[in-house]
Amino acid sequence: MTPLEIERKYLIEYPDIARLECYSGMTISEITQTYLIAPEGEERRVRARRAGDNVTYYHAVKRRVTAVTREESETVIAKAEYERLLSEADPEKRTLHKTRYCIPYEGLLIEIDIYPFWRDQAIAEVELKSEDAPVAFPPEIKVIREVTGEKAYKNAELAKK
């Protein structure tokens, strides 16, 4: 059985980076994400995630179940496999670059993605145990609105040329 990812996504005001960096347990990583050619209804991507001097490579396949839930199969791969899979890049999409701040807060892990093409907003994602689980944000994170299920705010859409 493919694992399920239950996630809500929020458009937030561009955060105060210095305040994010003050959170206990906070981690920062630089992510390079490339979408691959995929059959209809499926999303395939590779990702290089740099945290300090460590780089980890991933391959993921996702299929939508509901607006909040997806089947997700993500595996760590070798750099050589990552480079091979890049040859299957979707020519309709550019490679995305983002900085991800992961902040533990009230039993949740809030992932804030900062994109170089936005100066006034960012995306916050929260993985949940159930679709109706409550979501809480620290007071300094200003939520504009929930965008879960809105195509315009999916990474695959942001990657379109």
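**Exercise 1. Find which residues Lys-151 touches, leaving out residues up to four places away in sequence.**

Solution. Contact means heavy atoms within 4.5 Å. By that rule, Lys-151 touches Glu-157 and Lys-160. Helices (H or I, at least four residues) and strands (E, at least two) are DSSP runs, numbered from the N terminus. Last, check exposure. Lys-151 has a relative accessible area of 53%, so it is exposed. Buried means under 20%, exposed over 50%, partly exposed in between (1.4 Å probe, protein chains only).

The model is predicted: local features need pLDDT of at least 70, side-chain atom pairs count only at pLDDT 80 or more, and totals for chains, interfaces and linings use all residues. Residues are numbered from 1 along each chain as its sequence is written, and side-chain values use heavy atoms, without hydrogens and water.

**Exercise 2. State how confident the predictor is.**

Solution. The protein averages 93, and 99% of the residues score at least 70.

**Exercise 3. Describe the largest nonpolar core.**

Solution. Such a core is a set of buried Ala, Val, Leu, Ile, Met, Phe, Trp, Tyr and Cys residues joined through side-chain atoms within 4.5 Å. The largest has 21 residues; Ile-12, Ile-110, Ile-112, Ala-124 and Phe-137 have the most contacts inside it. β1 (4-13), β6 (96-105), β7 (108-114) and β8 (121-127) each give two or more residues to this core. β7 gives the most, with four.

Note on methods: pLDDT is the predictor's confidence in each residue, from 0 to 100.
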